Amino acid sequence: MANPITPSASVTCSGLSFQWPDGTTVFDGLSLSIGRGRTGLAGTNGSGKSTLLRLVAGQLRPSQGSVTVGGSLAYLPQNITLDTTLRVDQALGIAERCTALRAIEAGEVSEEHFETIGDDWDVEERALATLGSLGLGDVELDRAVGQMSGGETVLLRLAALLLERPDVLLLDEPTNNLDLFARRRLYEAVDSWRSGVLVVVSHDRDLLERVDRIAELRSGSVSWYGGGWSAYEEALATQQEAAGRMLRAAEADVRRQKRELEETHIKLARRQRHSKKMDAQGGIPKILAGARKRSAQESAGRLRGVQEERLSEARERREEAADAIRDDAEIRVSLPHTAVPAGRTVLSLHELRPRFGRLREGNLHVHGPERIALVGRNGAGKTTLLRTLTGELAPLSGEAKTLVPLRFLPQRLDVLDEELSVAANVARLAPGVTENHIRSQLARFLFKGARAEQPAGTLSGAERFRAALAATMLAAPAPQLLMLDEPTNNLDIASVRQLTIALDCYQGALLIAGHDLPFLESVGITRWLLIAEELHETTAEEVRDLLEAPDAG
């Protein structure tokens, strides 16, 4: 990915403001400058990361402010749709140059061919080398895009961008839908970026470890942290610890100022009672008594004013300190009914052959609360296998027996009825469970009060995921086998953490198809299965070794 880069390669946003047509403000006067190197753009779902990339790429226009890009720009969006009728050379944008090259090689010396090629005489070699570096070395230039998998089309689009030799490259969630092997290729591409500007939006922690700095987008402004994701998390923890100390000190100051104000009121009340007593005894002339009273009132007013001002300032400091504390709410759910005895058979596969994918003969027995990761290449048939286990797809041969209550959370999160509220969606899957119990459990999934009545169709991405997770895990009968298909796709880091916490509370058997190794390791996987023609037992270490092997792609 090393290219001859324009000296001024950079991205600058000045006073950037943007609103969606419904009036929702995303940015209000955002300013930032991104220089050479690899920058990871982090932030919660809805913070505006993808919107910012689209503004920089020119796909959206700001309502105010400006975006300046130094040099040429290439942009890889989250959702890529390539015309399946195209050939690979057409998708790479090199078809005309390749045709001109072949014409010249055949003896045609038309000036038009030389103009088409320009100085790019090695375009085919560069294209093949770029495809090879991304694990697409066996893809021929005349192959149809429609014959490629979804993950391969993402890498093909990235190859097309790299062939442009951009000064600025924007990647929005590039590892979504990539298998472990394709992810390794993309990691290598990011590792090899040595000059120019690379900006990556991702929830993939392994990818974010490879950047030079993290730019966190929060509440419409950007904070910078040196290093990759681990360094960012460490800096954030230190920052939050300091913020906690400041908040505790500010709260103590507010309590102290309240006490001093109360003591001032008591002191002034005593002085006033004493003054009234002296007046009643007639010890001094009325004119002197009046002057003394006015002076005492003025003094009392000043004292009260000083104390009230100090209390107000202490409260402001407390509010500022509280604002620095991140309120990343966490799921806290209790699921005792999902427990499975250690010796109980949960799932049994005998010579199972699903309708699609590479699996020709699957044999598997799951006992007790095992946690199994199902890994493999794109197209290996992970999703097909899960849908066969649910009974949604009939196998070509063999059989699968599920011996406990089962729930499945698919990639599309299509377990929700868009028209129903969050609470009604859970009630639909948990007949006989009281409304009070459903609401108390939903509160633990961060749907409290009126939020539980929000229609599913109006939820944000992160809320929709939590609602689907709640509907799945709170179903009745309680699921003792929970199957998840690529659960971290399109989730921000905070949502992944919420999912991890929820699964920590789950006491049944887990079967998770996924490519996110850090997540899989965080949920305590006890068995790793690699899907090929058979289900092969493997380990997390062996999976990582496969990623590091030079011929893994």
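Visitor: What should I know about the numbering and the model before we start?
Guide: Residues are numbered from 1 along each chain as its sequence is written, and side-chain values use heavy atoms, with hydrogens and water left out. This is a predicted model, where local features need pLDDT of at least 70, side-chain atom pairs count only at pLDDT 80 or more, and totals for chains, interfaces and linings use all residues.

Visitor: How many helices and strands does the protein chain have?
Guide: Helices (H or I, at least four residues) and strands (E, at least two) are DSSP runs, numbered from the N terminus. Counted that way, the protein chain comes to 17 helices and 18 strands.

Visitor: Is the protein chain a compact globule or more spread out?
Guide: The C-alpha atoms fill a box of roughly 125 × 70 × 40 Å along the principal axes. For the radius of gyration, taken over C-alpha atoms, the globule rule is 2.2 Å times the number of residues to the power 0.38. That rule gives 24 Å for 553 residues, and the chain's 32 Å is well over it, so the chain is more spread out.

Visitor: Which strands stand at the edges of the six-strand sheet?
Guide: This open sheet has mixed pairing and runs in the order E5-E6-E7-E3-E8-E9; two strands pair if DSSP finds at least two bridges between them. An edge strand has a single partner, so one side of it is left without a neighbour in the sheet, and that goes for E5 (73-76) and E9 (221-226).

Visitor: In E8, what is the bridge partner of Gly 40?
Guide: Strand E3 (residues 37-42) and strand E8 (residues 213-218) run parallel, joined by four bridges. In E8, Gly 40 is partnered by Ile 214.

Visitor: Which helix packs on that sheet, touching E3, E5, E6, E7 and E8?
Guide: Its direction makes about 150 degrees with that of E6; axes are lines fitted to C-alpha atoms, for helices over the stretch in contact, and angles run from 0 to 180 degrees between N-to-C directions. Contact means heavy atoms within 4.5 Å. The helix is H1 (residues 49-57).

Visitor: And in the three-strand sheet, which residue of E13 stands opposite Leu 347?
Guide: That open sheet is antiparallel, in the order E11-E10-E13, with E11 (362-367) and E13 (397-402) at the edges. Strand E10 (residues 345-353) pairs with E13 over five bridges. Opposite Leu 347 stands Thr 402.

Visitor: How do the axes of H5 and H6 cross?
Guide: The axes of H5 (residues 123-133) and H6 (residues 150-163) come within 10 Å, at roughly 135 degrees. Angles under 35 degrees count as roughly parallel, over 145 as roughly antiparallel, 65 to 115 as roughly perpendicular and the rest as oblique. So H5 lies relative to H6 in a way that is oblique.

Visitor: How does the contact of H5 with H6 divide by class?
Guide: H5 brings Arg 126, Ala 127, Thr 130 and Leu 131, while H6 brings Leu 156, Ala 159, Leu 162 and Leu 163. Ala, Val, Leu, Ile, Met, Phe, Trp, Tyr, Cys and Pro count as nonpolar, Asp, Glu, Lys and Arg as charged, and the others, Gly among them, as polar. That gives six nonpolar, one polar and one charged.

Visitor: How many charged residues are in the contact of H3 with H5?
Guide: H3 (residues 95-105) packs on H5 at about 130 degrees, with the axes 9 Å apart. Arg 97, Cys 98, Leu 101 and Arg 102 of H3 meet Val 123, Glu 124 and Arg 126 of H5. Three of these are nonpolar and none polar, and the charged ones number four.
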